[in-house]
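Hi,

Here is the structure I promised to pass on to you. Have a look at it first, and then read my notes below.

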Amino acid sequence: MDRSLWWRCGIVILAVCMSMAVWQPSPAHAARKKILKIAAKEPDTLDPHSSTIGQTQAIVRFLYRGLTRFAIKDGKVTTAEVEPDLAESWTVSDDGTVWTFKLRKGVQFHHNFGEMTAEDVKFSFERQLHHAKGTRFAENLSPIREITVLDPLTVQITLKEFDPVFPLRMVGYQQGYIVSKKAVEQYGDNYAWNPVGTGPFYFDRHTPREKVILKANSQYYFGRPQIDEIEWFDVPEDATKLIGLEKGTFDLIYPEIVTADMVAQVEKMGAVLDKRGPGGQERIYINMTQPPFDDIRVRQAFMHAIDRQAIKDTLYPGALATLADSPLPPGYFGHLAVEMPEYDPDLAKKLLAQAGHPDGLTIDNYFISKSFFYPKVAVLVQEQLKKVGINVNVQLVEHATYHENIRKNLNPFVLYGGTRLTDADVWFGLFFDSSQIPDPATGNKGTNFAHYKGIDDLIAQGRREHDQSKRAALYHEAQRRIMRDAVCLPLTDVPSIWARNPKRVSTPFNPDYGEFALHYSYNYPEMLKILD
Amino acid sequence: MQQWRAVGDERLLQYVVRRLFVTIPMLLGTMSLVFFAMHVLPGDPCMAMLGDQATGQALNDCTHQLGLDRPLLVQYGDYLWQSLHFNFGYSLLNRYPVTTYILQMLPYTLVLVLASTVVAIGIGLPTGMLSAVQRRNPLIDYTARVIALLGLSMPVFWFGILLLIVFSLHWDLFPLIGGGDLSTVVEMIGSGEVFVYPGDFLAAVFDVLHHLALPALALGFTLAATVSRVARSTMLEVLNQDYIRTARAKGLRERAIVYKHALRNVMIPLLTIIGLFVALAMTGTVLTETVFTRPGLGKMLVDAIEARDYPLAQGAITVFTMIIVTVNLIVDVLYAAFDPRVAYK
C-alpha cells in the first residue's frame, strides 16, 4: 500500500468518525409524538401478580387496573380510602362477608383481547389463590372463600369471615390487578412479556436490558392519556440517570437511593423531586428471645443508645425522610404517633450495667445486606452502639443472603424496610403476629423478627371489629404496647422519590406528598402531561 | 509442496476436531461446577426475587414452584437432562427463555469485544512498535509509554464516565445509553433484507457504531496498554536478533526490516496476549456495559449471579466458556499462519 492510499484510508475513517459523532436522530419524530422517557431499572416481568420488585410494581400500574383505586381527596391521592375503578359500584352483606361488584361496561382489554368480564375478575384472583406458577400474592387474597360469576358484569366474592381490609385488597396494586384470562391462557409462561390489561397504556415492545415501550390506550375508559408513548429505559446506575436528566435524555428518573448529593444536583439542574408517601419505614426489630436481648433493660439500652435524629440527618437531610413516630408508618389505617425512646447514651450505659453488662457486650457475625440503605444505616448504628459499649462486628453479605440469614434468626436485631397494604391489620399481622415468628426448625419464614407475641389479641379483635373507630383504637393500643415492650425501634419514614424535569412533564399533584402510593411510582400515570 | 500442504491441512483438521472433542468434557465440567457453586452460595433465588416483600407463604410457594425443595442431586440430574435437550429453562430474573435471552444479549457483547480488540490493537500495536523503534528518541518513546501507562492506570469505569461526561453530556456527540439498533442489523442479515433495504441496514449499522464508539474506546484503551507494552518489549527483543542485523547488513530499509521481518515475529507472543485478552475483555464488558448502560452478557451474568438466577447464570457461563475456548482454538490455529515452525500433531 503506498503512502497516498494510507492517507486516503485515514481521511475516510476520520470522516466516518466525525459523521458518527455529529449524527443525531431526527428530532421531528420525537416532536410529533409526546414521548415520556423514564430511566429506572428494568422490570423483571409485566405479569402484575408475579413480582414484588419496585420497578415492576411501578411499571405495571401503567398497564393494569383493579376493581377499586386509591381515592383522590381534596386534590391528594390517599391510601386510606378507595373509590370505584373497574367496578362501577359494589354492595356488601350485613355480616360483611359477601361482596357483590358491578363491573364497568365496555372496558376493553389491550391488543383486542375483548371486553373485560366477571370471568376475568374471577380468573385473576383464582390464579393467585391456586398458586399458579410465578404468582406471589396468594396470602393477600387468603380471606376469600369463593368467587362466583353472577352475570358477565357482576361478580360475587364470598369471604371466609369478615375482613376489614377487603376493599384495599381489591385496589389496583399487586394482587388486585385484573388480567385477561384469554391472554394468560394463550401465552402461558410467556405471558410475562405479553401483558394484557385494561390500563391507560398498553405494552408495545421490549428490548431486553435496553427499554420497554408502552403506548397510549385510546380505549381507556377514563379517556386517552395525553402522552402518546412511554419509553422505560433500563438504567441501573443513578449517576447515569442524573446525567440523562440533565442532558434531556430522560424526563423522569427513579433513583435507587436518594442522597443529599443527588438532591443538590437535581436542584442545580432545575429538576424537582416528587415525594410520595407512605414509602418505606426503616426500622429495627429486636429478637426478645435471644440473650442478651431477652432482658428488656438491654433492649431499652439499645434503643436509648441510638440517635435516630442523627441517622435521619446524615442519610436523609431536610425533607428526604421524616423521623418515624410509630412502629406503624403514617398513611396506614390505624396509625398513631406514639412516644419514641430519647437518645440518651448515659441512660443506656446505666441500663446495661443494671442488666449485668457494666463493661458492655459484643455481638459477633452481625450480617447486613450490602444493598440499598442497609449498610449505611448499619454503620451509623454500629458507631452509636459502640459509644455505650455495645460492639457489633458487621459482616456484609448479598441481599438474598441477608434475607436468608435473618429468617434463620442469625441476627439478634434486624434492620428492615419495605411497604405493605396500608392497613395496620396487614402490617401487624406480618411483623408482630406470633404466627409469623421465623423458625428454621419448622420452616416458618415469617417476618416477626422480634419474636413478639404481645399484640396477638389486638390483631384478632381488630379482624372482627366492624366499627372503624373502635378498630383504630385497638391498633393505637398495639402501637403503645410494641413501644412499651421495646421490641421495635422505628427510625425513618422514607418516601418513594422520583426526580422530574418540570419543563418537560407536569403532574397535577403536589410534589411534596401530594400522592400516597404503593406502586413506587405515580398512582395515576395517565394524568402526567408532556409540556410543549 | 502441494502434497506437504495437504498433509498439513489434514493434520490441522484433525487437531481442530480433537480440540472440539476435548471441549465436551470441559463444558460438562464447567456446567457441573457452576451448578454446584451456585447452589452452595448462600441466599436462594426466592429470597433474592422477593426481597423486603418476602412473606413466609410467598417464599414457600416460590421455592416449590421452582423445584428448589427437591434434593440437590435430583435438581442436578434434571438440569443435565434438560440441557441435553437444549432446554435451559426460563430465567428467574426476567422470565425469558434462557436461550432466547442469551442469544439476544450475545451480539451486543461480541461486537463490543470485537470493537475493543480492534481499538486495543489499533492503539497498542503502533504505540508499542513506535516506542521500540524510536527508543533512542525519548520524546516519542516516553510519550508512547505514558499513553500505555495511562491505559493501565485508568480503570474502565472511571475512563468510561469521563468519556460520557465530555463527549455525551458536554459536547452531545454520542448517545448516553443503549446498544443501538443491533437487533435490526442481526435480523436484516438473517432474513436477507440487507440486500433489499441497504439504506435501512446502513442506518442501523451506523446507529450501532454510534453507540459502540465510546464503550469500545473505553474498554479498548485500557487494554491497549497491555498490548503496547508486550509489543514494545517483544519488538525490542526481535530487533536485537541476528537475522535483523543481517537484514540491516544487507542494506534493507528500516521500514522493510520492521514491517516485513520484525512485525511477523512480534505477532506470535501478541497472539497469545490477544487470546487471553478476549477473556479479559469479556470480563471487562461487565463494567463497560454498566457504565454505558449497554445490553450484553457481562452485566447480565453478574446480575444473574447476584439474583441467584441459576438457569441464566449457568447458561451465560456456558456461553462464556464456549467463546473463550473458540477464541483460544482460533489463536492456536493462527500460530501456524505466523510461524511456519509450528506443526500440529
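What radius of gyration would a compact globule of 532 residues have, and what does chain A have? The rule puts such a globule near 24 Å, and chain A, at 26 Å, agrees with that. (The radius of gyration is taken over C-alpha atoms, and the globule rule is 2.2 Å times the number of residues to the power 0.38.)

Two housekeeping points before the details. This is a predicted model, in which local features need pLDDT of at least 70 and side-chain atom pairs count only at pLDDT 80 or more, while totals for chains, interfaces and linings use all residues. Residues are numbered from 1 along each chain as its sequence is written, and chains are lettered from A and ligands numbered from 1 in the order in which they are written.

**Chain A overall.** The C-alpha trace spans about 85 × 75 × 45 Å along its principal axes. Chain A has 16 helices and 20 strands (DSSP runs numbered from the N terminus: H or I of at least four residues for helices, E of at least two for strands). Of its 532 residues, 50% count as buried; that takes 20 or more other C-beta atoms within 10 Å of a residue's own, with C-beta atoms placed from the backbone.

**Strand S7.** In S7(A), residues 154–159, the side chains alternate. S7(A) pairs with S6(A) (residues 144–151), antiparallel, over 6 bridges, and a hairpin through 2 residues joins S6(A) to S7(A). S5(A) (residues 98–103) also runs antiparallel to S7(A), with 5 bridges.

**Helix H14.** H14(A), residues 424–431, is mostly covered, with 7 of its 8 residues buried. Among them are Trp427(A), Phe428(A) and Phe431(A). The buried residues of H14(A) pack against helices H15 (456–464) and H16 (468–484) of chain A.

**Where chain A touches chain B.** Here 46 residues of chain A are in contact with 45 residues of chain B (contact puts C-beta atoms, placed from the backbone, within 7 Å). Helices H1 (3–22), H7 (238–247) and H13 (399–407) of chain A each give two or more residues to this side.

Enjoy exploring!

Key: A residue is buried if 20 or more other C-beta atoms lie within 10 Å of its own, exposed if 12 or fewer, and partly exposed in between; C-beta atoms are placed from the backbone. Two strands pair if DSSP finds at least two bridges between them. Two residues are in contact if their C-beta atoms, placed from the backbone, lie within 7 Å.
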